[in-house]
Amino acid sequence: SQQVSDFIRAVKEKRPDGLLLVPFKKGHWGHVIRIIEETKLPTVVLATLGVLLVGHINQVHRREGVYLISSLDNFEAVRWGLRMIATGSFMKKAVIVNIQGSKERETTVPHLGTKIRTVPLERFLSILNSIGYTEEVRALAETYRKNAKKIVQPTDKDILNAARTYFALKRIVEEEKAQALMMDCLPGLRKPHRHPPPCMGFMSLRDEGIPAGCQSDLNATLTLLIVQKLFGIPGFQQNASMETEANHYFGAHCTCASKLRGPDAPAQPYILMSHAEAGWGCVPRVLWEPGWEVTMALYLSGKQPRMYIYTGKVIGCPPIPPAGGCRSNIELAINEVQDACDVKGMHQIIFYGNWGKELRSFCQLYKIKAEV
């Protein structure tokens with residue numbers, strides 16, 4: 001009809017972030033399909049239960065770029081659809097500041113459109129060295145001490161220096177008006193020590209909703225940012241391993257958010273330890289609760305982006321010793337594979353709750369291939 005043609009023309013001119021289409025009867029379905037095909041925008045379709053028949057549903061139920069809701073007044077699903085569109089829009093406008101190397105540069109992530117703004121490590125060092133043991137630093141260090149279940153290796157000076165890293169990292173995020181941060185953090189921990197481990201600073205940033213990625217891993221940091229925007233909770237970037245005898249997944253890293261259920265939730269218990277690889281400084285060993293359901297995901301950027309998606313349950317956090325490796329660790333039973341060694345990826349992001357279905361719907365809406 002002319003009205004549909006006019007609508008499509010207006011959409012192409014204004015290029016909104018996405019569309020919400022509501023067919024009130026079966027006769028509208030042809031218009032819906034035409035709008036989807038001609039506008040090529042992420043589209044949420046809401047049809048009250050009974051409006052569509054199986055042929056209509058199956059035409060778009062698994063179609064890339066579409067999220068179909070055939071349900072009874074399910075406005076929570078509509079809210080979720082619009083949240084996915086808001087996240088896609090957010091990622092196009094977002095900036096990740098990358099602390100790495102000696103040169104400034106800016107790149108754009110294919111498909112998502114996220115800006116990566118690299119700043120030299122010297123800038124971090126300069127800011128860090130300008131921050132003394134101020135009242136703010138001492139107060140944060142005291143919070144770390146007070147909230148710790150136990151302090152193993154770190155000295156008072158280690159904890160103070162760990163608090164300084166938070167303020168240096170936060171200043172760079174604010175100066176660059178960035179929504180997330182990543183850092184090539186390991187080189188500076190080797191002898192001669194150039195800076196303290198930034199792991200407590202990363203914990204505090206993640207606790208307040210600012211994704212912080214280790215080792216300048218772009219895919220991990222993008223995943224942290226997607227998860228934070230979609231679900232409002234931080235993720236745990238970790239090194240992949242397996243407990244082969246129990247057939248469990250095992251992941252570990254030397255930083256982790258303590259507010260694993262979101263900035264407004266209580267913090268999990270943590271222990272202060274030294275950095276596992278560097279052997280000095282102060283990092284958190286955050287303790288996940290056995291029995292929690294979790295999701296593990298990793299966005300893989302490229303012209304045809306993919307995402308690994310798994311769900312599982314927390315078995316526990318094996319004690320150190322006898323466990324080795326990084327300080328925050330987690331042992332999981334994984335739902336999607338019979339053999340835990342078949343889990344793909346490295347530096348995948350683990351986060352609280354079973355969000356596998358929702359993540360797969362986000363991938364479908366934004367033409368990301370979901371894999372296990």
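Trainee: What makes K12, R15, K40, K92, K93 and K367 a patch of positive charge on the surface?

Mentor: In this predicted model, these six residues gather on the surface. Lys and Arg count as positive, and like charges are joined within 9 Å if the residues have over 30% relative accessible area and no salt bridge.

Trainee: Why is the contact of R34 with E38 called a salt bridge?

Mentor: The N to O distance between their side chains is 2.9 Å. The criterion is a Lys or Arg nitrogen within 4 Å of a carboxyl oxygen of Asp or Glu, so the pair qualifies. R34 and E38 are four residues apart in helix α2 (residues 29–39), and are therefore separated by about one helical turn. Both are partly exposed, R34 with a relative accessible area of 26% and E38 at 33%.

Trainee: How do you know that the salt bridge of R123 with E175 ties together separate parts of the sequence?

Mentor: The closest N and O atoms of R123 and E175 are 2.9 Å apart. R123 lies in helix α5 (residues 121–130) and E175 in helix α7 (residues 156–175), so the bridge ties together parts that are 52 residues apart in sequence. Salt bridges that share partners join R123 and E175 with E106, R117 and E176 into one network. The whole structure holds 15 salt bridges.

Trainee: Why is the pair of W288 and W292 called edge-to-face?

Mentor: Eight aromatic pairs are counted. For W288 and W292, the centres are 6.0 Å apart and the planes are at 80°. Pairing requires centres within 6.5 Å, and planes over 60 degrees apart count as edge-to-face, so both conditions hold. W288, at 4% relative accessibility, and W292, at 8%, are each under the 20% limit and are therefore buried.

Trainee: What makes the backbone of S216 and H347 worth noting?

Mentor: Most residues other than glycine have a negative phi. S216 has a positive phi near 50°, and H347 has one of about 65°. S216 is in the loop between β9 (212–214) and α9 (218–231), and H347 is in the loop between β17 and β18 (349–352). S216, with a relative accessible area of 13%, and H347, at 7%, both count as buried because they are under 20%.

Trainee: Which residues does a cis peptide bond join?

Mentor: K191 and P192 are joined by a cis bond with omega about -5°, and I320 and P321 by one with omega about -20°.

Conventions:
Residues are numbered from 1 along each chain as its sequence is written. This is a predicted model: local features need pLDDT of at least 70, side-chain atom pairs count only at pLDDT 80 or more; totals for chains, interfaces and linings use all residues. Side-chain values use heavy atoms; hydrogens and water are left out. Patches are made of residues with over 30% relative accessible area and no salt bridge: like charges are joined within 9 Å, nonpolar side chains (Val, Leu, Ile, Met, Phe, Trp, Tyr) within 5 Å. Accessible areas come from the Shrake-Rupley method with a 1.4 Å probe; for residues, only the protein chains shown count as cover. The place of a charge is taken as NZ of Lys, CZ of Arg, CG of Asp or CD of Glu. Rings of Phe, Tyr and Trp (its six-membered ring) pair if their centres lie within 6.5 Å; planes under 30 degrees apart count as stacked, over 60 as edge-to-face and the rest as tilted. Buried means under 20% relative accessible area, exposed over 50%, partly exposed in between (1.4 Å probe, protein chains only). Helices (H or I, at least four residues) and strands (E, at least two) are DSSP runs, numbered from the N terminus.
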